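Hi there,

Here is the structure I promised to pass on.

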Amino acid sequence: MNKKITLIPGDGIGPDIIEQAVSVLDALAQKYNHRFEYTSVLAGGAAIDAQGVPLPQASLDACLASDAVLLGAVGGPKWDNIPGIRPEQALLGLRSGMKVFANLRPALIFKQLKNACPLKDEITEGGLDILIVRELTGGIYFGERGRSGNEAWDTEKYSAAEIERIVRLGFKAAEKRQKRLCLVDKANILESSRLWREVAERIKTDYPSVELSYLYVDNAAMQLVRNPRQFDVIVTSNMFGDILSDEASQITGSIGMLASASLGDGTGPGLYEPIHGSAPDIAGKDLANPLATILSCALMMRYSFNAETEACAIERAVERVLDDGWRTADIAGSDAASLKAAGKLVGTKAMGKRVVEALKNI
Ligand code: IPM
Ligand code: MG
């Protein structure tokens with residue numbers, strides 16, 4: 001295949017990790033005879049510095065003209081105090097501009113890293129593999145907001161059509177997994193949540209193999225630490241998904257390892273990014289873990305390019321590198337000293353190189 005990939009390195013460690021992801025993509029292209037053509041564009045703080053806006057129109061246009069977009073991270077303290085402008089606006093602009101209404105955030109424990117999981121062994125016995133499907137272009141993030149005197153407001157508003165397309169995506173994902181879908185909402189209070197439930201009830205007969213359940217978001221937050229193995233796929237609104245996906249990723253202990261995919265109706269490009277942030281304190285120091293970004297490339301192969309073999313090859317290469325004991329500092333845990341002595345504690349570049357080498361031998 002011949003694909004155009006737009007790169008958005010962004011801020012902080014973004015450029016460090018994107019560089020390694022590209023080396024893995026190149027190795028993949030070589031192995032399977034593909035051609036990936038890259039265009040790198042500015043967004044976030046880097047775009048504010050260069051052009052005064054977080055998401056220049058030319059950057060969005062380049063994304064829309066490509067087959068898939070790979071984003072590093074945006075934001076940092078340098079841009080925290082500019083009136084009316086924030087690097088994170090680039091993310092919202094990309095999401096709505098690319099119409100990627102579904103954000104898939106898998107939270108899983110890598111067996112090689114299970115000691116990093118902060119929960120007791122008996123709670124995660126048998127592993128953890130949850131997929132959070134977060135609505136990404138609606139709700140309170142995009143609803144009407146305003147201020148009047150000493151009052152301020154934000155609005156949670158969803159149409160049945162917006163709900164239906166994301167809930168259907170949740171059902172379809174569940175069909176391919178453990179066939180359990182949990183809709184998380186606040187239907188005991190919010191009218192919009194009651195509409196989510198009505199829609200889910202109406203369409204569930206189209207997915208007879210999937211067991212649909214409901215949880216209020218406060219209870220869901222508790223259940224995620226009490227008994228996370230009850231979850232297979234969670235589908236939820238933009239705001240609740242934002243919060244629960246951070247919680248879910250943290251309980252895996254592998255935040256530097258988790259990838260995400262943001263998808264639309266399939267007619268445009270998908271947006272792929274690690275779920276961690278820009279970590280400005282370690283930017284440019286060859287310390288960041290590139291694996292979440294590399295694994296985001298696997299999701300790109302799977303969801304945008306329908307290339308399951310290539311997706312699995314990346315995932316297996318990462319597994320192999322972990323099996324062989326290579327670790328960046330964030331996933332070294334209490335073994336850091338002994339790993340260092342054994343020469344297994346590596347930086348961003350060396351980790352990328354290990355994956356490239358492993359990929360050649362898959
Ligand atoms: C995320 C982030 C963003 C969000 C911020 C940076 C705007 O937290 O992708 O989860 O709230 O969606
Ligand atoms: Mg978030």
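Let me start with the ligand: an oxygen atom of ligand 1 lies 2.5 Å from a polar side-chain atom of Tyr141. That is a polar contact, meaning a pair of N or O atoms within 3.5 Å; within protein, one must be able to donate a hydrogen and the other to accept it, and residues adjacent in sequence count only if both atoms are side-chain atoms. For Arg95, the distance from a polar side-chain atom to an oxygen atom of ligand 1 is 2.7 Å, and for an N or O atom in the side chain of Asp242 it is 2.9 Å. The residues around ligand 1 (a heavy atom within 4 Å) are Glu88, Leu91, Arg95, Arg105, Arg134, Tyr141 and Asp242.

Some background: this is a predicted model, in which local features need pLDDT of at least 70 and side-chain atom pairs pLDDT 80 or more, while totals for chains, interfaces and linings use all residues. Residues are numbered from 1 along each chain as written, chains are lettered from A and ligands numbered from 1 in written order, and side-chain values use heavy atoms, without hydrogens and water.

Now the domains. The assignment, automatic or from a database, gives domain 1 (1–103 + 271–362) and domain 2 (118–252). Their C-alpha centres lie 26 Å apart. Eight residues of domain 1 are in contact (heavy atoms within 4.5 Å) with twelve of domain 2. The area buried between them (accessible area, 1.4 Å probe, lost on being put together, summed over both) is about 1000 Å², with 69% from carbon and sulfur atoms.

Best wishes

Note on methods
Buried area is the accessible area (1.4 Å probe) that two parts lose on being put together, summed over both.
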